[in-house]
Amino acid sequence: MYIETQNANPVELYQLLTGGIIPRPIAWISTQNAQGLTNIAPYSFFSVASCNPPVLTFTNVPSRDVLSKDTLTNLKATKECVVHIVSASQIDVMNATCANFSSEQSEIDELAIETVASQNVKPPSVKGALVRYECTLRETITISEQPIGGVLVLLDVVAIYVDDAIIKENIIQPKLLNSIGKLGGNDYSYSYADITLARP
């Protein structure tokens, strides 16, 4: 199989990209709108953009009929969010937040997700998240305004919370974090060290 991208439709490209670029970490992002209504949603197009300064990146990929998700709308309005790393124990409630809630509904309220106050930003933090990053909006870059296009979002990390139980000598222990990654379709994977190799 060999495909020149100009000859493929967007859905085919989406399947080939998300099916081959795996596993992808999941950013479970909480935001608030200007009126204080909370939102939380998972994003698997997610990574670190810079460590000095600390910057995270995720891409908002709209569906075929909704070009701007609540997370991006809220971020543009209030400039703040919390990025949570999803542990295996949270996979069901994380998946539930993928549902098509209206912009007038809070996933946090509807699903009774327990939260705690964040210290440097207004959006709440998920209480059970073992790692979370409090962030402010740095920049958005629109790659495409078409359905299944993308808006690249850069976030300045202003504070980091790590549960003391999963850190040793300032290093997060992957098996204790027990995070999950996104595969293609509806599949997920565990993200812990099966192989350890010393760098040559």
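Over the face of which residue does Lys 182 lie? The legends below take this up among other close-ups of a predicted model. Local features need pLDDT of at least 70, side-chain atom pairs count only at pLDDT 80 or more, and totals for chains, interfaces and linings use all residues. Residues are numbered from 1 along each chain as its sequence is written, and side-chain values use heavy atoms, with hydrogens and water left out.

**View 1. Charges over rings.** Lys 182 lies over the face of Tyr 188, at 5.0 Å from the ring centre. Arg 132 lies over the face of Tyr 161, at 3.9 Å from the ring centre. A charge sits over a ring if NZ of Lys or CZ of Arg is within 6 Å of the ring centre and within 35 degrees of the ring normal.

**View 2. An open sheet.** Three strands run in the order β1-β13-β14, with antiparallel pairing. β1 (24–25) and β14 (188–191) stand at the edges with a single partner strand each, so one side of each has no neighbour in the sheet. Strands (E, at least two residues) are DSSP runs, numbered from the N terminus. Two strands pair if DSSP finds at least two bridges between them.

**View 3. Strands β13 and β14.** Four antiparallel bridges join β13 (residues 179–182) to β14. Ser 179 has Ser 191 of β14 as its bridge partner.

**View 4. An aromatic pair.** The whole structure holds one such pair. Tyr 43 and Phe 58 are tilted, 4.8 Å centre to centre, with 55 degrees between the planes. Ring centres of Phe, Tyr or Trp (its six-membered ring) must lie within 6.5 Å; planes under 30 degrees apart count as stacked, over 60 as edge-to-face, the rest as tilted.
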